[in-house]
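User: Could you walk me through this protein with a few questions and answers?

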Amino acid sequence: MAQILEADLTWIDGAFEQGIQVEVTDSGVIGDVGPLGRTPSRRLRRRALVPGMINAHSHAFQRALRGRGETFPQGAGTFWTWREAMYQLVARLDDETFYRTCLLAFREMLAGGITTVGEFHYLHHSPAASDFAYDRLVLQAARDAGIRIVLLNVYYRTGGIGQPLAPAQQRFETASLDCYWNNMAALGSVADTPLQSLGVAAHSIRAVGLEEMAALRAEAQRRGLVFHVHVEEQRQEIDESVAAYGQPPMRLMTELFDSMDRVTGVHCTHTRPEDMERFLAGGGTVCLCPTTEANLGDGIADLVHLSAQRGRMCLGTDSNARISMMEEMRWVEYGQRLAHESRGIMRGPDGDVARPVFDMATVNGAHALGLEAGVIATGAVADFAALDLDADQLTGADAATLLPAFICGSDASAVAEVCVGGRWLEP
Ligand SMILES: [Zn+2]
């Protein structure tokens, strides 16, 4: 039976409004929205209804690293020393611990109002077999948690540019494009629609050669699938790319692909302005992961430039050392404030910061994942977070200040309940 939702405030067309009802159809999609004059089947008192947030870049299994690798007896660490710790984790993850870790990460996302995860998944294989068993386990964990997932299944072929895989990377291997697409076909039949869908990812220019990168992207485009890739998170990756190919990774991709439609570049921390302009002009989306980029000491992307060009940006929790979209939203702006000694870097045309940043966590993430989501509007999926207007952290906020109060001052405790595909989950 269709549900009629009515909260005290509803986020619609970029503002909180009163007296709005939202119809949710049996198929888990939003029907009519507005002052419908219907009898609500679910009256959400002292709640503000917002679209469920979209985590466009996650490696769920890395949740098991939280608190580890945070001491530095050898002196200052880097991304690359962290990667060694991550490889040690990979060596000890078995089926049960992998599944449990993913389930925990997905539940933590839901508790904080994230209803969709773009899982950038490269730990494909069991410890002893090349079986892609973990692709199914991650889907199983998402199903059991109740989160919507786009499995961004990762192509991973080389250990570095032109290098064989290291022993620690064997469980990531996709041996050929044929092998990859055969596995995608098999996954297509086990994915639990409508909450599960597939996307294509190349791990990075370190892990995929240029010819295969182009072929993978072309096939993804032919099938209408989104394409994600780690790009220029670390200067060393750029140096290696320039040494091997004469150009940085982003420049190579803009030359390899005939358009950037449905392409998401993850991080782009050190991307040159001219390369970024080409990427954005081609329709590309940038995914930023501020807390992970801070944790790993990656650097700070030039968002002054990106924001001025109205570049499409979304957000991810990436390594899941912290799982909070509120934190990603505030730090995408705060990192820029610290770097530039000014405020309001991510502001939109009307000077508002909260709305463009919330768009990153919702509708832009949905675009990156190829979903009709991240918005309370007819035809979008019925994924919501209900904010608790009586939460201490939101006290004093009104309809005009609720969104910035939520972004700057709250954590998961401000999220009372979530709904995925029309189904309300127990908090
Ligand atoms: Zn990542």
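Analyst: Happy to! Two strands pair if DSSP finds at least two bridges between them, and helices (H or I, at least four residues) and strands (E, at least two) are DSSP runs, numbered from the N terminus. This is a predicted model: local features need pLDDT of at least 70, side-chain atom pairs count only at pLDDT 80 or more, and totals for chains, interfaces and linings use all residues. Residues are numbered from 1 along each chain as its sequence is written.

User: How many bridges join β6 to β7?

Analyst: Strand β7 covers residues 114-121 and runs parallel to β6. The number of bridges joining β6 to β7 is four.

User: Which are the edge strands of the open sheet of eight strands?

Analyst: The strand order is β6-β7-β8-β9-β10-β11-β12-β13, with parallel pairing. An edge strand here pairs on one side only, and that applies to β6 (53-58) and β13 (312-315). So the strands you want are β6 and β13.

User: Which helix lies across β6 and β13?

Analyst: Angles run from 0 to 180 degrees between N-to-C directions, and axes are lines fitted to C-alpha atoms, for helices over the stretch in contact. The helix in question spans residues 354-361 and runs at about 65° to β13. Its name is α12.

User: Are α11 and α14 roughly parallel or roughly perpendicular to each other?

Analyst: Angles under 35 degrees count as roughly parallel, over 145 as roughly antiparallel, 65 to 115 as roughly perpendicular and the rest as oblique. The axes of α11 (residues 325-340) and α14 come within 7 Å and cross at roughly 95°. The two helices are therefore roughly perpendicular.

User: Which residues in α14 do M326, M329 and R330 in α11 meet?

Analyst: Two residues are in contact if their C-beta atoms, placed from the backbone, lie within 7 Å. From the α11 side come M326, M329 and R330. Their counterparts in α14 are F406, I407 and C408.

User: Which element gives the most to the side of domain 1 that touches domain 2?

Analyst: An automatic or database domain assignment sets the bounds: domain 1 is 3-51 + 376-425 and domain 2 is 53-369. The contact takes 18 residues from domain 1 and 21 residues from domain 2. On the domain 1 side, α14 (402-409) and β15 (415-420) are the elements giving two or more residues. The top contributor, with five residues, is α14.
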